[in-house]
Structure formats: structure tokens, C-alpha cells
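Please look over the sequence and the structure shown here before reading on.

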Amino acid sequence: MTDLHRTHASGKRRMIVGGLGAVALTVSALASGLTLPTATAATWPSANGSEAVGATKPVSGSLDGGMKRYYGTGDLGSGGQNEDQDPLFKLADGATLKNVILGAPAADGIHCSGSCTLQNVWWEDVGEDAATFRGTGKTFNVIGGGARKAADKIFQFNGGGTLNISNFAGQDFKTFVRSCGNCSSQYKRTINVTNTEITAPGSVIGGINTNYGDSLTLRGITIVGDSGKKIVPCQKYIGNNTGAEPSKNGSGPDGTYCKYSASDLTYR
């Protein structure tokens, strides 16, 4: 699958959740060069009831789902990986969605039309993508929650601006977060991932386009079940706006595009 048109442990456990203050902490720590504490194992929540979604739910302002599980039915219930699926939730610019569980099938998860906040949102079985971020010059915040069973990507960054992901748990995926490699409109994208747990199997934590000036900063990342260190923390690409499959452009920390060091990654 290409990026074209993608809107695509044993021991004591505790839930990775965060408040809006986590955003300020993340930004402050990144600016000052502090190393944030590593994530701990997530406890996946139980649903407080379930609701079938047959048509995309629009969200403006703030919606607190009360930990209800939402799953697709009808046109949103194929459970496939077809591109251009509609989402279960579509957030208006500035909207917040919190305390929600997306069950299976999840269609194309959540679309953010502009700046948005996803707080304590959990994907039990990612559909096409967990969340897609659009709009230009926007700020997108993902605080707490988790996503698993993503056949391709968890987060798809199609718009321009800054995406902050903190206190999150991602497991069983191909790419955790991807700056769109071949969208018809391309932008500079800044991605910050902090205090997050990554659990194998997985291929890439972050994919970015160096030719558009993208950057990925990793702080306080715990990688579970990857003793061979096969998961690539930061994969660089040469993006395009033609729909062609983007070519790889190296990987690893460089201080400009891939911003992390060995101390930012903990393996267990």
C-alpha cells in the first residue's frame, strides 16, 4: 500500500494516560533538551458499553465518550484495508475527542480536519489507519491511549504543522507514525513522540520526508519485545506529490531530521 490518499508484558501494569498538561511538559522538555521518563506498560481498558456507527460522527468542541466502545457497521463495517474509507469520527478544527474506545471494525478511525486533541483514545484493532491529521499550519495532540493490530500505519500525517504524541502505547503495526510520502499537497511536518511505549511486532516508529524539511523527535521511548533492535526508530524518505512510492533516504539520528540519541530509547 502507498501513502496516496491515506487519510492512512508481564509484571505490574498501569494505564498510559495523560492530561492536557502533558502537552506543555512535552514542549517544555523538548525545548530545554531534558530527557523525559520512559513509558510503562499499558493496561488496555474495558468498555463501558458499545455503540454501532453506521455513518461518520462529526465532532466540534469537545466530546467525552465515557469509555464507550464505538465500532463500524454498514458502510463503515467492512473491516478491510481499502483506501479512502470514511472515519468513525471526523473532528472539526479545534475539536477534542476523549475517553473513547474504537473497536472492530474501525473503518478509517478518526480524521482531524485541523488542529485537534485526542485524549485517552484507544484503538483495539486499527482499521485503515487509527487517525489521520489534515490542515496546514496546525497543531495536533495525541495524549494517552493506545492502538494495536495496525496492518499498515497507526498515525497518518497528511497536513502541515506539528504532531505531538505523548504517553501512548502502540503495538503490532507496520509504521507507528508517517508523514505522507506521496500526497498531492506536501508540507513541512514536525513530529514529536514522547514517553511512549512501542511493542513488537513493528517495522518503523516514524517515517519522514527529508526533502520537505520534516523532523521526528523521540524522547523517553520504551521498545518492548525487540531484542534484535529490528524496529527502525526513524526512517527517512524522499517524498513526492505524484503518488509514486517514495524512496528511502537513510535512517538513524542526524540532529536535523531524526532527532534522538541512544539514551532516548529503552529496550526491554
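The structure is a predicted model. Its largest nonpolar core has 49 residues, and a search of the whole structure finds 12 aromatic pairs.

**Nonpolar cores**

- Within the largest nonpolar core, the residues with the most contacts are Leu118, Trp123, Phe133, Phe155 and Phe176.
- Leucine 118, when residues up to four places away in sequence are not counted, touches a set of residues that includes Leu91, Ile110, Trp123, Phe133 and Val142.
- There is also a second, separate core of six residues, and among them are Ala42, Trp44, Met67 and Ala169.

**Backbone features**

- As background, most residues other than glycine have a negative phi, and most peptide bonds are trans.
- The peptide bond from alanine 104 to proline 105 is cis, with omega near 0°, and proline 105 is found in the loop between β5 (95-102) and β6 (110-112).
- Another cis peptide bond joins alanine 200 and proline 201, with omega about 5°, and proline 201 has its place in the loop between β15 (189-199) and β16 (204-209).
- Methionine 67, although not a glycine, has a positive phi of about 65°; this residue is in strand β3 (residues 62-72), and because its relative accessibility is 16%, methionine 67 counts as buried.
- Asparagine 195, also a residue other than glycine, has a positive phi near 45°; asparagine 195 is in strand β15 and is buried, with a relative accessible area of 13%.

**Aromatic pairs**

- Of the 12 aromatic pairs that the search finds, one is formed by tyrosine 70 and phenylalanine 89, which are edge-to-face at 5.1 Å centre to centre, with 80° between the planes.
- Because tyrosine 70 lies in strand β3 and phenylalanine 89 in strand β4 (residues 89-91), this pair ties together parts that are 19 residues apart in sequence, and both tyrosine 70 and phenylalanine 89 are buried.
- The rings of phenylalanine 140 and phenylalanine 157 have their centres 5.5 Å apart and their planes at 80°, so this pair is edge-to-face.
- Phenylalanine 140 in strand β9 (residues 138-143) and phenylalanine 157 in strand β11 (residues 153-157) are 17 residues apart, and the pair links these distant parts of the chain; both phenylalanine 140 and phenylalanine 157 are buried.
- Ring pairs link phenylalanine 140 and phenylalanine 157 into a cluster whose members also include Trp123, Phe133, Phe155 and Phe176.

**Charges over rings**

- Arginine 148 lies over the face of tryptophan 44, at 4.2 Å from the ring centre.
- The charged end of arginine 189 sits over the ring of phenylalanine 157, 6.0 Å from its centre.

Key: Residues numbered from 1 in each chain as written. Predicted model: local features only at pLDDT ≥ 70, side-chain atom pairs only at ≥ 80, totals over all residues. Heavy atoms only, no water. Core = buried A, V, L, I, M, F, W, Y, C linked by side-chain atoms within 4.5 Å. Buried < 20%, exposed > 50% of the residue type's maximum accessible area, 1.4 Å probe, protein only. Contact = heavy atoms within 4.5 Å. Helix = DSSP H or I, 4+ residues; strand = E, 2+ residues; numbered from the N terminus. Phe/Tyr/Trp six-rings, centres within 6.5 Å; stacked < 30°, edge-to-face > 60°. Lys NZ or Arg CZ within 6 Å of the ring centre and 35° of its normal.
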